Amino acid sequence: MNYYNIGKIVNTQGLKGEVRVISITDFPEKRFKVGNTFFAKLPNKHEQVALTIDGVRKHKGFILLHFKNHPSINDVEYLKPSELKIDEGSLSSDDLKPGEYYYHQIIGLDVVDPNGNPIGQVKEILSPGANDVWVVERDQHKDLLLPKIDSVITNVDLDAGKITADVPEGLDE
């Protein structure tokens, strides 16, 4: 089964079993709500721990989570740092509007120009503000940063594994 990252536990918060989480999902309000279960991938270990949320709040840019059957700091200390993951069955195409994609669908796709000439391959997606930026790794050139806007990303063909991008002048310097 495939698992997808939705966040990272970076520290504990207080003494009552809360943890600080940095979200890396487009749907934090859906992923981090009371009753949801996800998995914590512990550092340097192959095991994953299933955790069920029984408390959620925001504090200073972090999402603070409390888990069922973890009433104190001693019960959650071992979780830091760990990656938070959901299984493939937790994904739903209902979350996406037309023209939206999960990160895992885009990372690894080939990028070509409008004439079909290869540009590179998407290696990472950044979310700095108004729109995502797709980082394209290229042979013998530095990475190309493509904003996810319709005038630049003109076509995404998941079945063919290909993205067509019209790179504006000056962006590739």
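**Notebook: salt bridges and a barrel**

I note at the outset that the model I consulted is predicted.

**Entry 1. The partner of Lys-80**

I looked up the salt bridge of Lys-80 and found Glu-77, with 2.9 Å between the closest N and O atoms. Glu-77 is likewise listed as partly exposed, because its relative accessible area is 34%, and the cut-offs for that class are 20% and 50%. In general, side chains of opposite charge can pair when their charged atoms come close.

**Entry 2. Further salt bridges**

How many salt bridges does a search of the whole structure find? I recorded 4. One of them joins the side chains of Arg-57 and Glu-18, at 2.9 Å from N to O. Arg-57 belongs to strand E4 (residues 48-59) and Glu-18 to strand E2, so this pair ties together parts that lie 39 residues apart in sequence.

I next looked up Asp-143 and Lys-123, whose side chains meet in a salt bridge at 2.7 Å, N to O. Asp-143 sits in the loop between strand E9 (133-137) and strand E10 (144-147), while Lys-123 is in strand E8 (residues 118-126); the pair therefore ties together parts 20 residues apart in sequence. Asp-143 is partly exposed at 29% relative accessibility, and Lys-123 is partly exposed at 36%.

**Entry 3. The barrel**

In which order do the 6 strands close into a barrel? I traced E1-E2-E5-E4-E3-E6, with antiparallel pairing. From one strand to the next, the twist averages 50°.

I then checked single pairs within this order. Strand E2 (residues 18-23) pairs with strand E5 (residues 62-67) over 4 bridges, in the antiparallel sense. Within E5, Ile-63 is the residue opposite Val-21.

**Entry 4. Strand E6**

I looked up the neighbours of E6 in turn. Strand E1 (residues 3-13) runs antiparallel to E6, and 6 bridges join the two. Leu-84 in E6 stands opposite Gly-7. Strand E3 (residues 37-41) also pairs with E6 in the antiparallel sense, over 3 bridges. Glu-83 in E6 is the bridge partner of Lys-41.

Why is strand E6 described as largely enclosed by the rest of the structure? I found that 5 of its 6 residues (82-87) are buried, which means that the rest of the structure largely encloses this strand.

Terms used
Residues are numbered from 1 along each chain as its sequence is written. This is a predicted model: local features need pLDDT of at least 70, side-chain atom pairs count only at pLDDT 80 or more; totals for chains, interfaces and linings use all residues. Side-chain values use heavy atoms; hydrogens and water are left out. Buried means under 20% relative accessible area, exposed over 50%, partly exposed in between (1.4 Å probe, protein chains only). Two strands pair if DSSP finds at least two bridges between them. Axes are lines fitted to C-alpha atoms, for helices over the stretch in contact, and angles run from 0 to 180 degrees between N-to-C directions.
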